[in-house]
Amino acid sequence: MANKKYTLLEVKMGDKRLEREFLDLPKKIYKGYPNWVCPFDSSIKAVFDPAKNKLFADGEAIRWVAHNAEGECVGRIAAFYDKTHAYGYEQPTGGCGFFEAIDDQELANLMFDASRDWLKERGMEAMDGPVNFGSRDAWWGLLVEGYEYQPLFENPYNPPYYKELFENYGFQNYFNQNTYLWRVYDDDVNEVVYDRVKRLMSTPGYRFTPIGNENLYSAVEKFRVIYNKAWSLFTGVQPMTVEEARKMADTMAPIVDRNLIWFAYFNDEPIGFFIMVPDLNRLIGKYNGKFGIINKLRMMWDLKVRKKCDRVFAIIFGITPEFQGKGVESGFMKAMLDGYVRTPRNEYRTIEFAWIGDFNPVMNRMVERYICARKNKVHTTYRYLFDRTKEFTRCPRVGFKPRPKAETAEPKPEGTQTEGAKTEGAKTE
């Protein structure tokens, strides 16, 4: 596909030259952006590798790079869909992502048109963007506020002009993903937290503990069981399998800080989890996308020995339905503050709670009012309807599947993701 100024070339598996252009373009785009952190080449390549991305089982993906008249790479984009997710919406919906471009609406339109046409040929009636062909926690949404902050690991960062490129084409705001910043030594939680904990602990049987020396497979199996219960109330969420949970453990193992993974118990039965990890973006910017054995060793040295990471990424939080609304989330906060965060052993200075959708007002209120964190970044997930006469509607607020009438009142969605946070793979969706 081409116009007078630009030519689109498909990036196929095994085409090393075009794949290299696809991976290297951001390094040119972001030369003047000191907060951008170069992602690992291997992470991007894995998204488009059928052997590594399970969504290829019932989906497809395509990539393009755009050249100008001089043959210089000036843009890139990918389009994709998988049937499991595509048909969970009012209309079949695919996605486009990994968008990078110079500031030229004509170029952006050419790439958006190519994505739209490719998806339309495969039965799609809308496309979301910029999104990932994979879990929501990685490469999802367009940064529209917070350019002055360094992004979290595998969270998008982009120039401000991308917003105009998307909106001028006709993309509309489907939902926002909020990120909140909490400073360990400057911020405090609301006094309401302590009152709620006092009421909770008046019932014997509750306890909150880090995983300590527990086997990671054992811990992740508890996580899986709680996760499947906590998210069973949400439409469109697939249960996590044992295999997925073990893959999560294997992926997280090198970076796990056992002081940052906590479980809640009632009468020794696990009822909730709160998982945080050191934010790797504080360490990997100098790697220029390479993550071979030398950089892996450098990262582990900086992370485990030199303790150079000063920021925590809160990735997922969940409580089983029967214990929601009782103050368990407040119990987590106090236990983690007293047990680690506010002790001399803690080397971290900030905690960021990412991927809290504006469709989940309860979770946003909890982070703002109870944790007293302040919003520092906003990412937007856009949607483009192919039928331009169709009425556009934003993402509905968090909803539950109907519960049997014999059950008690519908629980409050406080156990939702701080991406809710992550629900697939190592950093779930």
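Predicted model: local features only at pLDDT ≥ 70, side-chain atom pairs only at ≥ 80, totals over all residues.
C38 is buried, with a relative accessible area of 6%. C38 belongs to no disulfide, and the nearest cysteine sulfur, which is that of C73, lies 14 Å away.

**Cysteines**

- A disulfide is a covalent bond between the sulfur atoms of two cysteines.
- The model contains 0 disulfides.
- For C38, the 14 Å to the sulfur of C73 can be set against the cut-off, since a disulfide requires two cysteine sulfur atoms within 2.5 Å.
- C309 is likewise in no disulfide; its nearest cysteine sulfur is that of C38, at 18 Å.
- C309 is also a buried residue, and its relative accessible area is 2%.

**Strands β1 and β2**

- Strand β1 covers residues 7-10 and pairs with β2 in the antiparallel sense, over 4 bridges.
- Within this pairing, L8 has A66 of β2 as its bridge partner.
- Strand β2 spans residues 59-67 and is mostly covered, with 7 of its 9 residues buried.

**Strands β3 and β4**

- Strands β3 and β4 run antiparallel and are joined by 5 bridges.
- R76 finds its bridge partner in β4, namely E100.
- Strand β4, made up of residues 93-101, is mostly covered: 9 of its 9 residues are buried.

**Strands β4 and β5**

- Strand β5 is formed by residues 126-129, and its pairing with β4 is in the parallel sense, over 3 bridges.
- T93 has A126 in β5 as its bridge partner.
- Between β4 and β5 the chain passes through helix α4, residues 105-121.
- This β-α-β crossover from β4 through α4 to β5 is right-handed.

Terms used. Residues numbered from 1 in each chain as written. Heavy atoms only, no water. Buried < 20%, exposed > 50% of the residue type's maximum accessible area, 1.4 Å probe, protein only. Helix = DSSP H or I, 4+ residues; strand = E, 2+ residues; numbered from the N terminus. Pairing = 2+ DSSP bridges. Right-handed = clockwise from strand over helix to strand, strands pointing away.
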